Amino acid sequence: MIKPELESIPQVEWFNFEPKVDEAKVMAEVSINEYGGITNFKIVSISPSGLPEAPLKAAIQQARFTPMRFKASTSKAWSTSAHKMKYEFTITW
């Protein structure tokens with residue numbers, strides 16, 4: 001089994017907010033579909049605290065993972081599957 005890995009996350013759009021830091025660590029429970037897209041997620045924690053949640057949520061929603069793959073029992077081919085996991089995003093801007 002090969003677990004999903006983060007491929008990309010878009011730039012955060014802060015609009016009229018200027019954060020004093022240039023990086024955030026966001027722990028989230030994410031559901032990843034068989035193509036690597038996020039179908040559902042819940043933010044567990046944000047560090048540093050005090051950052052607006054909405055721009056970070058927008059970036060996470062558009063993140064892409066590699067699909068989870070596993071060997072099919074009936075052949076030598078690999079199959080993909082949806083997956084749910086906790087993941088710590090490091091988001092920079």
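Q: What is the order of the elements along the protein chain from the N terminus on?

A: One begins by noting that the model is predicted. The protein chain contains one helix and seven strands, and their order from the N terminus is β-β-β-α-β-β-β-β. The C-alpha trace spans about 55 × 20 × 20 Å along its principal axes.

Q: Which share of the contacts in the protein chain joins residues at least 24 apart?

A: Taking contacts between residues at least 6 apart in sequence, 70% join residues at least 24 apart. One such case at the level of C-alpha atoms is W14 and W93: they are 79 residues apart along the chain, yet their C-alpha atoms are separated by 9.5 Å.

Q: What can be said of the surface and the charges of the protein chain?

A: The accessible surface is about 6100 Å², and carbon and sulfur atoms account for 49% of that surface. Of the 93 residues in the protein chain, 30% are buried. There are 11 positive and 10 negative side chains, with the centres of the two sets 11 Å apart.

Q: How many bridges join strand β2 to strand β3, and do the strands run parallel or antiparallel?

A: The general idea concerns the faces of a sheet: in a regular strand, side chains alternate between the two faces. In this structure, β2 (residues 23-32) and β3 (residues 38-47) run antiparallel and are joined by eight bridges. Within this pairing, A28 stands opposite I43 in β3. Five residues lie between the two strands of the hairpin, and G36 takes a positive phi near 100°.

Q: Is H83 buried or exposed, and which residues does H83 touch?

A: The reasoning rests on a cut-off: a residue counts as buried under 20% relative accessible area. H83 has 17% relative accessibility and therefore counts as buried. H83 is found in strand β7 (residues 83-92). Not counting residues up to four places away in sequence, H83 touches P4, V30, S31, I32 and M68.

Q: How is a pair of aromatic rings described, and how many aromatic pairs does the structure hold?

A: Such a pair is described by the distance of the centres and the angle of the planes. The structure holds five aromatic pairs. One of them joins W14 and F17: the ring centres are 5.7 Å apart and the planes stand at 50°, so this pair is tilted. Another pair, formed by Y87 and F89, is edge-to-face, with 4.9 Å from centre to centre and 70° between the planes.

Q: Are the residues of these two pairs buried or exposed?

A: In the tilted pair, W14 counts as buried because its relative accessibility is 10%, whereas F17, at 32%, counts as partly exposed. In the edge-to-face pair, Y87 is partly exposed with a relative accessible area of 22%, while F89 is buried with 1%.

Q: Where does W14 lie, and which residues is W14 in contact with?

A: W14 has its place in the loop between β1 (6-8) and β2. Leaving aside neighbours within four places in sequence, W14 is in contact with P19, L51, P52, P55, L56 and W93. The aromatic side of this picture is a cluster formed by W14, F17 and W93.

Notes:
Residues are numbered from 1 along each chain as its sequence is written. This is a predicted model: local features need pLDDT of at least 70, side-chain atom pairs count only at pLDDT 80 or more; totals for chains, interfaces and linings use all residues. Side-chain values use heavy atoms; hydrogens and water are left out. Helices (H or I, at least four residues) and strands (E, at least two) are DSSP runs, numbered from the N terminus. Buried means under 20% relative accessible area, exposed over 50%, partly exposed in between (1.4 Å probe, protein chains only). Contact means heavy atoms within 4.5 Å. Accessible areas come from the Shrake-Rupley method with a 1.4 Å probe; for residues, only the protein chains shown count as cover. Lys and Arg count as positive and Asp and Glu as negative; His and the chain ends are not counted. The place of a charge is taken as NZ of Lys, CZ of Arg, CG of Asp or CD of Glu. Two strands pair if DSSP finds at least two bridges between them. Rings of Phe, Tyr and Trp (its six-membered ring) pair if their centres lie within 6.5 Å; planes under 30 degrees apart count as stacked, over 60 as edge-to-face and the rest as tilted.
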